[in-house]
Amino acid sequence: MPNVEQQLEDADTLQLSISSSWRSKGLAATDASIQTARVQLQDQACQSKDVHSKFTQTDRLFKKYSDAVRGGPGLRPLVTFLERVVPLVEGAILENRSAHTEIDWTPEAPCDAAFLHILQAPDLSTDTPEHALCCTSVSWSSTGQGIAVSYGRFDVEGWCLQPGKLCTWNLARPGFDGTKPDIIVEVDSCLQCCAFHPQQPGLIAGGTYMGEVYVWDLAQEGDYQVFKSTISASSHQEPVTAISWHIGSASDPLLGNTEESDLLVSLGSDGRLLMWNWHTTELLYGFELMWQQPDTRKLVLWGGTCMALPGQSCHAQSGGCLVGTEGGAVFRCSLDGSRSSLQAFAQAVQAQQKALVSSPIRSLVCRHAGPVHAVTASPFDPGLVISAGLDGQVRVCSSLARQPLLELTPSDSYLFSAQWSPHRPMLFAIGAGDGRVLLYDLTRDTEHPVKTLDVCGVSAPVFDLAFNVRAPELFATTDQQCVKVSSEWRPL
């Protein structure tokens, strides 16, 4: 198209038309496809089926050994020693075979004990023999010379109107007579237990069938009674089955700001564990033995039958005790109490109301099939405990084990008493209902007693027994009428 210069004023309207040419040409279309080759699949498996076994076995080396001994120059001294010693040993063996000495390895048969003293209080019999007083407990003084015996009954039903007695003897007194007690103290009802003070030889505590707690001072003249508990809603409502002295420390909240460090702990068949300040004649604190019943898992009140305070000596005791119950359980209890609970308990006692108390039980030590009659802790290891009961079983338990260490059946009859020896760590004594005392030494035999003493020829029960804490050779046992002091265990 030529380039024409146009002026604005005379310009013509120019129209240009450009026709499309793509439709005049045909479009080419091509179809194409592609496909991969067939995929090849292969399966392979491997499994071993051959088993190979190998073993070795040594051949007999006796001939080789004998040849080596005879031929080895380094073993010549051994051969010389054997040639010299073997004839002597063979001769001793032949001599023993020809001897007629027989050794009996069966447990020792019961033997009659030889008694140093037989103590018996006068006027124990009544019009009816079945109502006669019997020895309920025995206790040695801290000096080892005095012995106290409580007299009561175990077969009382209902209200007790028969008086009890406390008798003491001094074995070192000139003109000693076993049938004449040095001191006789009468109480209003049967005296079920007694205990000498661990430090002061003149103080004795006792508990009665009516739930009363006494303290006598034999050193003072005239009336020996220095403390008697009063019956209240918070005190014992049933017989006191065990009593003991608790030596506390200065930090013990039960002692408060007083200078006295000794308290009384009493256990009753009503399940109450009470602590008394005999200096001020007041009831300080109390517990109730509440624990789950094995079958129903409900909290029930367990009646107490026996008690032991580990570490009872001239030193301060730990705040705990062991309690045996009528249901067969042995519990480890704590005697600790806060100051607020002590104040609340004191206010309830002053108001003559029953105080709300807690349970002292911390753990279950073991379980018997019947009432537990005796429980005691080792004076050398407070965690080592033995218990004996109506089922005829003795259980040796440790605080470090959940199950009993030993379970013994020393007798076919009931077991009434048990105590560790204060002089030998592994020696303890068991009192049976057939009148025998069985002495066990766990260092020599863990299954059978090393000595069996027939202390009651009429098969009367051994209700209590006690080792002397000062004189190792003295040992006391009680039956229905008398106390027998012997030294039969000393040769063990």
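A nonpolar core is a set of buried Ala, Val, Leu, Ile, Met, Phe, Trp, Tyr and Cys residues joined through side-chain atoms within 4.5 Å, where buried means under 20% relative accessible area with a 1.4 Å probe, protein chains only. The model you see is predicted, so local features need pLDDT of at least 70 and side-chain atom pairs pLDDT 80 or more, while totals for chains, interfaces and linings use all residues. Residues are numbered from 1 along each chain as its sequence is written, and side-chain values use heavy atoms, without hydrogens or water.

Let us start with the cores. The largest one has 39 residues, and Val 215, Trp 245, Leu 264 and Leu 273 have the most contacts inside it. Contact here means heavy atoms within 4.5 Å. Beyond its neighbours within four places in sequence, Leu 273 is in contact with residues including Tyr 285, Phe 287, Met 307 and Pro 360. A second, separate core of 22 residues includes Leu 133, Ile 147, Cys 167 and Leu 474.

Next, the cysteines. The structure holds 0 disulfides, a disulfide being a pair of cysteine sulfur atoms within 2.5 Å. For Cys 306, the closest cysteine sulfur belongs to Cys 366 and is 10.0 Å away, too far for a bond. Cys 366 is in no disulfide either, and the nearest cysteine sulfur to its own, that of Cys 397, is 3.9 Å away.

Finally, look at Ser 417. At 2% relative accessibility, Ser 417 counts as buried. A polar atom of its side chain lies 3.2 Å from the backbone oxygen of Val 462. Among the residues that Ser 417 touches, leaving out those up to four places away in sequence, are Ala 374, Ile 430 and Phe 463.

Definitions and conventions. Buried means under 20% relative accessible area, exposed over 50%, partly exposed in between (1.4 Å probe, protein chains only). A polar contact is a pair of N or O atoms within 3.5 Å; within protein, one must be able to donate a hydrogen and the other to accept it, and residues adjacent in sequence count only if both atoms are side-chain atoms.
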